[in-house]
Amino acid sequence: MTRWEVGKNKWVAGWNVGTPSKNGYHEYFKEWADRDVADMVLRARNHPSIIMWSIGNEIDYPNDPYTHEVLNTGRNPQIYGKGYLPDHPPASGLTPIAKQLVKAVKAVDQTRPVTAALAGVVMSNEVGYPDVLDVVGYNYQEYRYPEDHKKYPNRIIYGSENGMQKQAWNAVDSNEYISAQYLWTGIDYLGEAGKWPQRSNGAGLIDLAGFKKPEYFFRQSLWSDKPMAYIGARPITGTDDKGIWSHRTAEPVWNWQSGSKVKVDCFTNCQETELFLNGKSLGKQISGAARGQVPSWQVDYEPGELVVKGYNNGIEVCTNNIKTAGDAYQLKTVADNILFNHNTKGLSQIEIYITDKNGNPVFTATDEIIVTVNGAAKLLGLESGSNSSHESYQSNKRKALHGRLLAYVQTTGKPGVVQVQFGAGNLKSSTITLTVK
């Protein structure tokens, strides 16, 4: 539940644009809050993926609507309206409502802790709101961790909403008393889209179709123990870490203007990496000594193959490559499911890639792909991952993004053979056969 007794700002004309609306659940909070919290818990309590119950997100966002005199002092981020605003509801009202909601949760489930995501910890600390919670989430306030841990040594703190910058992860990795961070966000999602024609938010590590972005591989380099290396390229003028939600722009593309200088970044958890262009070494780098622990090379572009090798204790343990792609020539398809039982409605997610004659992905391809399903199955929808596409999800055609598309095909419960055909203009088509037993 993101709103309590007083309406929060809702940006109806675009994010931080125009006059916000105040309409919302707060109009029904007094009558329905306890019942709705209990129903939420009862509905989902048997799901093992749920580790905590949250009673609110950013309810204490400074001056939206609650306020406190402490906002006139210190370092207070995310303030809507600067400083203490005496005409706003006092922050002291947060604590009794939090107690009420915690009680409603624990009345039906005492096996999981209760949490909330706090946006104005400096204010909430003054009125005891965090003390009501079993586990306290901090949104974008990593700088408060040392001070609050010292002042509240028994408080269990985690990052309930964090940006992509590496220092946000360092605040977790270097402090044993911080249990976790939760990035905003893991997956792109519809809503919070900014300005038209965008219709979805692109802050995720993977896009709407589930395709991995470069930032995904950077997180893998931080979190995975299995040796890995990923390389991507960008113009020399490009910069990283422009904001807390900005993504690293190392795309898996090796098609540039002849003679241009290109920056190649490597995301890796290996001790050393070595870059090769068309078989020629461009030098080794120690990952820990690289800026941001991201080895990088400035390369004079020439077409061909770029390869990175990762080493631990001098032994090669992984590799990754990107190749110069030719013109779009054909469609390649991969299905996660090709066999089904007719008693269940099986779902197959089919990845479609536009490649050149040699099978190299054509990252810049945007051809419209048409899908035809024959047999005991139906096309549920197509997704490219685009944040600004307004194509119908009920259509059997959609433009590719970054040379790829995802199709969702569902069986209708009858046995037989299903043929799924993919075509795109003059490109060589592809067909996948699904068997329903």
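**Aromatic rings and their partners**

A: Tyr25 is partly exposed, with a relative accessible area of 25%, whereas Phe29 is buried, with a relative accessible area of 5%. (Buried means under 20%, exposed over 50%, and partly exposed in between, with a 1.4 Å probe and protein chains only.) The model is predicted, so local features need pLDDT of at least 70 and side-chain atom pairs pLDDT 80 or more, while totals for chains, interfaces and linings use all residues. Residues are numbered from 1 along each chain as its sequence is written, and side-chain values use heavy atoms, without hydrogens and water.

There are 12 aromatic pairs, counted where rings of Phe, Tyr or Trp (its six-membered ring) have centres within 6.5 Å; planes under 30 degrees apart are stacked, over 60 edge-to-face, and the rest tilted. Trp4 and Tyr129 make an edge-to-face pair, with 5.7 Å between centres and 65° between planes. Trp4 belongs to the segment before helix 1 (29-44) and Tyr129 to the loop between helix 3 (121-127) and strand 3 (135-139), so their pair ties together parts 125 residues apart in sequence. (Helices, H or I of at least four residues, and strands, E of at least two, are DSSP runs numbered from the N terminus.) Both Trp4 and Tyr129 are buried. Tyr25 and Phe29 are also edge-to-face, because their ring centres are 6.4 Å apart and their planes stand at 85°.

One aromatic cluster is formed by Tyr216, Phe217, Phe218, Tyr230 and Phe267.

Charges also sit over rings (NZ of Lys or CZ of Arg within 6 Å of the ring centre and within 35 degrees of the ring normal). Lys284 lies over the face of Tyr311, 4.2 Å from the ring centre, and Arg398 over that of Tyr393, at 4.5 Å.
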